[in-house]
Each structure stands twice: as C-alpha cells, then as structure tokens.
Amino acid sequence: MESINNYSNYIGGAWLPPQRGQMTISVNPANRNEVVGNIPLSTRDDLDKAVTAANDARAAWRKLSGAGRGAFLYKAADILERRLDEVGRTMTREMGKTLAEAKGETARGVAILRYYAGEGMRKIGDVIPASDADAFMFTTRVPLGVVGAITPWNFPVAIPLWKIAPALIYGNTVVWKPASETAVTSVLVMECFHEAGLPEGVLNLVIGGGKEIGQGLAEHPGVQGITFTGSNAVGKSVGQAAFARGAKYQLEMGGKNPIIVAADADLDLAADAAISGGFKSTGQKCTATSRVIVVKDVYEAFRDKLVEKTASIRVGNGLSETTWLGPCANEKQYETVLGYIRSGKEEGAKLLLGGTPPEEEELRDGFYITPAIFEDVDSRMAIAQEEIFGPVLSLMKAADLPEAIRLANDVQFGLSASLYTKDIASALAFVQEMDAGLVRINAETAGVELQAPFGGMKDSSSHSREQGQAAIEFFTSIKTVFMKP
Ligand SMILES: NC(=O)C1=CN([C@@H]2O[C@H](COP(=O)(O)OP(=O)(O)OC[C@H]3O[C@@H](n4cnc5c(N)ncnc54)[C@H](O)[C@@H]3O)[C@@H](O)[C@H]2O)C=CC1
Ligand SMILES: O=C(O)CCC(=O)C(=O)O
C-alpha cells in the first residue's frame, strides 16, 4: 500500500506541523477511500505565529525594489513550470478536474506569476499639476501591510496566485489560508516559493478550518487586508469582520451565469459553449454557465443539439485520458448538486437527461454526477436563482432578445454573461444592458484572462476587481505627495 504523506504549514520560512498536532485528511473525490495526504487542522496559535512572521517580514520586503521582488516571482514561476505535471496530477487527485484542465490551470498560474513579476517595473503613480507653481505633486502607491488570502478549492493554483502574486509584488506580506480540500496542492505551490528563496515570513501558509483560520484571519488585528474567493454567505461574514475593524477587504463570490442564444446564433457554436461553460470543471466555476436562455424561434433546434452533444460526454476519473467530466470536488458539493436536481424536479422543471450517479461499477466510490439538462425552468425556481456549482444546465425560453436579457438579469448575481448572435446591434444592446462584470459575445461565460480586470456586479463581489492592472487598486493605498522647495 502507498504510504500517505504528512503535510505541514509554512510559517516564517519553515515547515511546521500544527502546534496542537491535530491533523485531518484530504480525500480523492474520484474515490472516497483514497487519502491524498494528511493535512493540518491548525488552530489560532498557528495563525498568530504566521501573522507575527508576516509582520516581522514587512519592512525588509517593502524596502526591496519592485524589480527585486519580481525576481522572486520569476523564479517561483520557473519552478512551478518545471513541476507542472506533478502539481496538475495532485490537483486532479484532490479535487477531481481533468488532468488537462489541471495542467492548464497550473500553466495559467505560471503566467500569472510572470505577469505580476513584470508589474514590479511598471508605473505606480501620476504627476498632477499643483495649484502652486513652485510645487511638485504626484501620487505613489504603498502596500497595505499584511494581506490574508482565503481561497477556495475550485481553482487551487490560479486563484491563490492571482491574489498572492499581486499582493507580493506591491510590497505586502501574506498569510494564505487555502481550502482544506486542496491543501496538498497548496503545499506544492508553497514549495515553489520556498525553493525560489522568498525571504522568511513574506508568504506563510496556514491550513485549517474555515471558521478557525479563515474567520481568524478576517478578525486578526495584525492583518490589514483580506482577499477572499468562495461562497456568498462566507464572503459576507468575512467582509463584515474585516469592515468592523477597519481592514480593507475584497470578496469574489458566486455567479448564476447565463448564455443567451439569439435567433441568428450559430447553434453548434452556442451548444458547444453552453457545454464547455456549464460542464468543464464539473460546473464548479464561479463563471460557469448555469442558465441557457434561448429565443423561441430556435429553441427546439438548439435544445436537440445540446442534448445530443451532452449525451456523448464521458464521465470518469480525471486522470484518465478518455475522461471529459470528472467528479464533484467533495461529498458536500455532490450532495448539494443532487439536492438541486431533486428541487428542480419538485418545482416542476423537466429533467431531459443526466443528474444521476453513473452506473459504471468503477465509478461507484467517487462523487460523480452525469451532466444534467433541465427544461421548462421558471425564473422563480431555485435552480434558476441559486448557484449550484455542479454539472447542471437550465434551459429557459424567451420570446425575443429583450426578454432574454430581462431574464438573464433576473438574479441576485452578476458575474459573467454570454450572448451568441451575428448581429452587432444585438451584441451592443447586450453589452449595455447586461448587469455583469464580464460580458462575452460569441464566447462561453467562463474563461478569465489574467491580464484583464475580473469581478462581478450585484451579489457576486464586493464591487472590487482582481487580476490585470486592476489588482493594484486593492493591494495598495494611494499616497498623494505635495512637495515644495
Ligand atoms: N466563487 C467561487 O469561485 C466559489 C464559490 N463557491 C460556492 O460556495 C459553495 C460552498 O463551497 P465551500 O467550499 O463550502 O465554500 P466556502 O465559502 O465555505 O469556502 C471558501 C473558503 O473560505 C473558507 N471558509 C469557510 N468558512 C469560513 C468562515 N466562516 N470564515 C472564513 N473563511 C471560511 C474555506 O475554508 C475556504 O478556504 C459552493 O457550492 C459554491 O456555490 C465555492 C468555492 C469557490
Ligand atoms: O473562468 C475562469 O477561468 C475562472 C473562474 C473563477 O474565477 C472561479 O471559479 O472562481
């Protein structure tokens, strides 16, 4: 039998087991009997130690030039690239997405590190004419101090890196609390920074429960900024805790993303986009397509294509080359998705296919659900309103494009939205009227570009933006300087 490794926290430049010695396990969702690793169940003592280490490292890290900090990120990027296959495999074993997706995400992580390494040499301020002719006025940027990063399991490499890399390049030090479901993957990422020689205390990893370590970070007086991605309920409580003590916060939360299929759409492309957006990563993306709103003239033709293409999707272990759709990432997510499938049926939607555990014997011990498509979905149903985070699409019929856009906006979320059309006027109307932070024409709802701002409207975010150059807005404060001889 393969031995199971113990993984540790990384605090002040050292690998440390939790002070009270409590451990738990990270399980493979493709086989609930397979333990990927023994991982810490840290307590607030561990968190305090990490926050102290991050505070101790602040002054020296901030003093380095941007290029000096960037050099560490370039090194970490090279190491992560070298270990891409190992990190990808670990990610697939821990949270189930296919190996191709896991390796793709890791490559994205490498690109994120390099992008922000370069940011260390770009401008951080403006010269503004002063009212006094003898004065020189300009803005510069200063780091927040210690940043707490609370990250989810669905993108265990890319999301942490698009928080950690900008935090570091702009001179902050970081305490990172990853999702326990993907703690082993987070250790591998941390190892890359360690091997890159990052000075001790600049980046610390504390693995543990959400209430203990996540909430502990949000409440910690030694932490000046909190960046969070995850569920709406937790995000709001993290935001409240940070706000209550005057810390800066940034929340990236759920989505209920629509794809609209207009009467003039290329139906094959639109069906492929609904499938890719809805079912890749087993629907576990905040940008995943959840509602498919089809203009009535093409409804039947589109539905038949969608169902036919979905029926050929191969469900299985993400490590197998023939698998297109892996398991849900954990048992809680699996039960949540099955619960929504029950609720859709109870509320009167018609399940056209999928939505059940697959029949194959070899998949019996994994959290697998076959891709599901509902029709006759009313906008008031839970499956049309709440984030499911699983392989479930809801088909809705609209009389015309204005009604489709109205339905698309009829949710509390506003993260991403997509329209398939060949008509420029329809595209422009959609861009104007769709309440979403990410609006895409003839492209699926998912697929974030690391060099562009990313974030949602309404309940999807705290109205801040991550990634690209937008990241500087959260991870720094502006200082306006007025100088006279
Ligand atoms: N926007 C996104 O990308 C994500 C959205 N979700 C949504 O959340 C649902 C539930 O997934 P979960 O893993 O339970 O998400 P979650 O919001 O509980 O977890 C996200 C992160 O927050 C931490 N956390 C949990 N409770 C906390 C607390 N009280 N204070 C501070 N941090 C805490 C977790 O340990 C994890 O690191 C999913 O079904 C999905 O709808 C989940 C993950 C990512
Ligand atoms: O669509 C993507 O590439 C990223 C999605 C995302 O940010 C998320 O699920 O949290």
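Predicted model: local features only at pLDDT ≥ 70, side-chain atom pairs only at ≥ 80, totals over all residues.

Visitor: How many residues does helix α11 have, and how far does it reach from its first C-alpha to its last?

Guide: Helix α11 spans residues 331–346, which makes 16 residues. The reach from the first C-alpha to the last is 22 Å, close to the 22 Å expected at 1.5 Å a residue.

Visitor: Which residues of α11 are buried, and which are exposed on the other side?

Guide: The general idea comes first. Residues three or four places apart point the same way, because an α-helix has 3.6 residues a turn. In the present case, the buried residues of α11 are Gln-333, Tyr-334, Val-337, Tyr-340, Ile-341 and Gly-344. These lie on the same side of α11 because the arc they cover around the axis is only 125 degrees. Lys-332, Glu-335, Arg-342 and Glu-346 are exposed on the other side of α11.

Visitor: Let us turn to the whole chain. Into which domains is it divided, and how far apart are their C-alpha centres?

Guide: The protein chain is divided into domain 1 (9–253 + 461–483) and domain 2 (257–449). Their C-alpha centres lie 31 Å apart.

Visitor: How many residues of domain 1 are in contact with domain 2, and what classes do they belong to?

Guide: In general, the size of an interface is often given as the accessible area lost when the parts come together. Here the description is by contacts: 18 residues of domain 1 are in contact with 21 residues of domain 2. On the domain 1 side, β4 (31–40), α3 (84–95) and α4 (99–119) each supply at least two residues, and β4 gives the most, with three. By class, this side of domain 1 has five nonpolar, eight polar and five charged residues.

Visitor: Which residues have the most contacts inside the largest nonpolar core?

Guide: They are Leu-73, Leu-113, Ala-165, Val-174, Val-175, Ile-226 and Val-261, in a core of 140 residues. Helix α5 (residues 158–169) gives the most to this core, with nine residues. Domain 1 and domain 2 each contribute at least three residues to this core. Leaving aside neighbours within four places in sequence, the contacts of Val-174 include Ala-54, Val-147, Ile-164 and Leu-203.

Key: Residues numbered from 1 in each chain as written. Chains lettered and ligands numbered in written order. Helix = DSSP H or I, 4+ residues; strand = E, 2+ residues; numbered from the N terminus. Expected span 1.5 Å × (residues − 1). Buried ≥ 20, exposed ≤ 12 C-beta atoms within 10 Å, placed from the backbone. Arc of directions from axis to C-beta. Core = buried A, V, L, I, M, F, W, Y, C linked by C-beta atoms within 7 Å. Domains from an automatic or database assignment. Contact = placed C-beta atoms within 7 Å. Nonpolar A, V, L, I, M, F, W, Y, C, P; charged D, E, K, R; others polar.
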